[in-house]
Amino acid sequence: MKRLNQMLDDAIDGTFQESAFNETELSRLESRWKQYLSLSGKSVDQAEKERENLKKLVSDISHQTRTPLSNILLYAELMEDAAETENTKKLAHQILSQTKKLEFLIQALVKMSRLETDILEVVPRQQPVRLLVEQTIEEIIPKAQAKQIHIACTRFSDIEALYDLKWTGEALTNILDNAIKYSPTESTVFVEVKKFQLYTCISVKDQGIGIRESEKAQIFARFYRSMDVQQEDGIGIGLYLAREILQRENGYIKVHSRKGEGTCFSLYLPAGAGGSIL
């Protein structure tokens, strides 16, 4: 048992060497253990190599598609402006619309791949939540105004949390985007911030279509889309990304909803240093 413990300790330290070269059971065990460690090392090296190849592939896709898509968008806009007939203008508008959808799809897939392969790391730091909320609302307001949806944010004090501004902004944007997308015209989306002992909570509540009870366990899966929203734009990775980002910050996300009665998503961020119940 003493030798077995030593073998495990040496394996963890990466210093294991066979010490017995005879016909005993211990010698055979050491030989098989050495073989196992060798194969495991090769598997780790292979996995790391594949991971690096995937990183390069994602980077290449992001780089190679950026310029062609930008050019197509530019040409479509020029065609729409220069169209002399209503039919030509309509066709140019369709090209522009579909290209924007393709651009969104590629950007979303690249973000997902970068996050999953750790090309971009989530680096939380202690900072005010007001910066996150105000910045995200400002970015989403044009989309809300297009549907005449009002975003009401309750007043809150200088609350801090431990989060990555860029990636958490991505998560909150996805939640707000869904709230606007699935809410009726002239409704209200409510944003509320509360601080608890261990977490700071950002809640987004809409007056939209709600979520079926049977689907609550599925909505955070990659590419999942409810049958009720198949006609809406989207590919079903917004909620998946939001949950992944929160988890990487040691936070989490909860949903409360009833079909036809709206939905409330609550994003819980670690309160960080000095957390207390308010």
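How many residues does α5 have, and how far does α5 reach from its first C-alpha to its last? The helix has 17 residues and reaches 23 Å, close to the 24 Å expected at 1.5 Å a residue, the expected span being 1.5 Å times one less than the number of residues. Helices (H or I, at least four residues) and strands (E, at least two) are DSSP runs, numbered from the N terminus.

This is a predicted model, in which local features need pLDDT of at least 70 and side-chain atom pairs count only at pLDDT 80 or more, while totals for chains, interfaces and linings use all residues. Residues are numbered from 1 along each chain as its sequence is written, and side-chain values use heavy atoms, with hydrogens and water left out.

Of the 17 residues in α5, 13 are buried, meaning under 20% relative accessible area, with exposed over 50% and partly exposed in between (1.4 Å probe, protein chains only).

I turn now to salt bridges, each a side-chain nitrogen of Lys or Arg within 4 Å of a carboxyl oxygen of Asp or Glu. The whole structure holds 6 of them. Asp-177 and Lys-143 form one at 2.6 Å, N to O. This pair links distant parts of the chain, with Asp-177 in helix α5 and Lys-143 in helix α4, 34 residues apart. Asp-177 counts as buried because its relative accessibility is 14%, whereas Lys-143, at 43%, counts as partly exposed. Asp-177 also meets Lys-181 in a salt bridge of 3.6 Å, N to O. Lying 4 residues apart in helix α5, Lys-181 and Asp-177 are therefore separated by about one helical turn.
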